[in-house]
Amino acid sequence: MLVHAFGAVMDSPDLVALAVVGDGEAETAPLEGSWKGISFLNPARDGAVLPVLHLNGAKISGPTVLARKPPAEVRRLLEGHGYDVLEVTGDDLPGMHRRFAQILATAWERIRGIQQDARSGSWDGTRPRWPLIVLRTPKGWTGPAEVDGVRVVGTWRAHQLPLAGVRDNPERLAELEQWLRSYRPEDLFTPDGAPVALVQEAAPPGELRMSASPHANGGLLTRDLVLPDLRDHAVDVAAPATVRLESTRRLGELLREVYRANPDRFRLFCPDETNSNRLGAVFDASDRAFMERVEPGDVALSREGRVMEVLSEHNCHGWLEGYTLTGRHGLFATYEAFAMVSASQTIQHAKWLEEAESLAWRAPVPSLNVLLTSTAWRNDHNGFSHQGPGLIQNVITQRGTISRVYLPPDANCLLAVADRCLRSRSEVNLIVIDKQPQLQWLTLDQAAEHCARGACVWDWAGTDDGSDDPDVVLACAGDIVTMEAVAAADILRRWLPRFRVRVVNVVDLMALTRPRDHPHGMAPMVFEELFTANVDVVVAFHGYPGAIHQLVHGRPDADRFHVRGFIEQGTTTTPFDMVVLNRASRYHLVMDALNNARRTPRGASELKAWCERRLAEHAEYVVEHLEDMPEVRDWTLQRP
């Protein structure tokens, strides 16, 4: 057995997660956010987390709420969450050390008792009451009691720098020395700075040391996932843009098989939206994890479940972080706009991975995989509050060794991307695709090649016939805008057959960057093959337009990229009206192509007028019929 700390929250009250790692076959629990979700732990299967609520009275500039509540109220609150509350209070030494050691031993015994009952078959299945320690000590305990006659210990001032100006103030320097000497370093270290024998003898050996535990260096314990054959879940695409289906539903079927093949090292984390995101096939393999009372009307809910659902982006994200950091694999799926609720966690995890790269002893861990669906462009009933692609902006700013952003346009590309992400290590993989029925473009083989390259010319969608000299390039990145870009190219083909249009689809967003900025960045020659060196490029982008300008910075003549994307225009409306409101519709793209082409073809003005009429007709039709015009709603690609 082993007890070791995994860290604490900066501002008090501090919640220190102590992981109690069980026998070799047992899992450790997800750590971050686990104090509210500890009831999800199955004592027969999982390790356990011992939460320590450290109430030292103050945060950076004032008191904390729970520290000022009567202890009886705090106890009732935590007991209401299902905990067996143990309390330690005081400031006397060494008495506090002894009492805290006894409480740890008590908690350990209760945890082991719960696990042993469950593993011996005597557990009746009811939710166990796991221990939780409430530790009350003074803020700044053992530090300077007063500075300049002002009380520090036991106040919020101890959270700040208690002794400032030590370099210039001899009195302050003396106080600092007195404070540090109060810890009697001469009793703990030899004159040359090595720990004395007493300290070394007290340290646990080998992997029992907190710093050497493989559970705190999860890459040492990581085993590859057994992944299914993508062909078993692929869409049969006889021709581009002729079949519509929900792409994420195919991903759900893939994840179902991942669950079945990896019962001890894969979980899906989702804020109560697994079915909504069309991933519900996983419930064929596992229920939702739930340790509370299960009633007859409940669906896919059990103590043995391994699908982690709770309506909290923070909690789900934190669970996945702890799961990957301890060596297991997972996926966090949420609505696109609500990914911003936990965006700071995504960034902080990326920063941790970035710094871990420089530590040779840290083994790579499974990647943090984030799937965003119910996207900005297809919230037919949720509206403006659910329309926000901001997480893309956050992820692309992280180091190139860590950050990945994928915009698969269809189901087969989604499968190829998911397979790559589930195999990866120490990355933050952001996958963005909508859950609504959408056109399918590529066969599985085509999708695999497309995703490996990151971006490709779709010759079948354009009219440049392989020419090295197109009149304009139409680029797209994202599922809905890909449809608009291909539809725009189709309009140009029908109206202006001699007008040379090249269509480029980007699935790996970071491929747009320079190789010096990102390992996925396209080499200059490849970039020029796709986008030419001097032809204007009209880009239809899923997210905020500025992201594309940021990524192509430093490319030849970057000002020739003209981006249409989400510009904070939205409401509860039809799918096509969303692209119209954000000026990213096929008609806007056609006019952009004509305005920015290197030559103005005969018939351009007539086509522009036609596009303007179509937009006017759409505005009237959508108000009267509350749905899109049939020629838009039912559009498919019809090639001669």
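**A conversation on sheet, helices and cores**

Author: In this predicted model, helix α14 lies across β19, β20 (501–506) and β21, and runs at about 155 degrees to β19.

Reader: How do β19 and β21 run, and how many bridges join them?

Author: Strands β19 (residues 472–477) and β21 (residues 537–541) run parallel, joined by five bridges. Leu474 stands opposite Val538 in β21.

Reader: What is the strand order of the open sheet?

Author: The order is β18-β20-β19-β21-β22, five strands with mixed pairing. Because β18 (455–457) and β22 (561–564) each have a single partner strand, one side of each is left without a neighbour in the sheet. From one strand to the next, the twist averages 20 degrees.

Reader: Turning to the largest nonpolar core, which residues have the most contacts inside it?

Author: They are Trp377, Trp441, Leu474, Leu492, Leu607 and Trp635, in a core of 83 residues. Helix α14 (residues 479–495) gives the most to this core, with ten residues.

Reader: And what does Trp635 touch?

Author: Leaving aside residues up to four places away in sequence, its contacts include Leu439, Trp441, Met483, Val486, Ala487 and Asp490. A second, separate core has 50 residues, among them Phe332, Val365, Val370 and Val539.

Reader: Now α10: which of its residues are buried?

Author: Buried residues in α10 include Ala343, Ile347, His349, Leu353 and Glu354. Among the elements covering the buried residues of α10 are α9 (313–325), β14 (368–373) and β16 (428–432).

Reader: How far does α10 reach from its first C-alpha to its last?

Author: Helix α10 (residues 343–356) reaches 20 Å, close to the 20 Å expected at 1.5 Å a residue.

Methods. Residues numbered from 1 in each chain as written. Predicted model: local features only at pLDDT ≥ 70, side-chain atom pairs only at ≥ 80, totals over all residues. Heavy atoms only, no water. Core = buried A, V, L, I, M, F, W, Y, C linked by side-chain atoms within 4.5 Å. Buried < 20%, exposed > 50% of the residue type's maximum accessible area, 1.4 Å probe, protein only. Helix = DSSP H or I, 4+ residues; strand = E, 2+ residues; numbered from the N terminus. Contact = heavy atoms within 4.5 Å. Expected span 1.5 Å × (residues − 1). Pairing = 2+ DSSP bridges. Axes fitted to C-alpha atoms, helices over the stretch in contact; angles between N-to-C directions.
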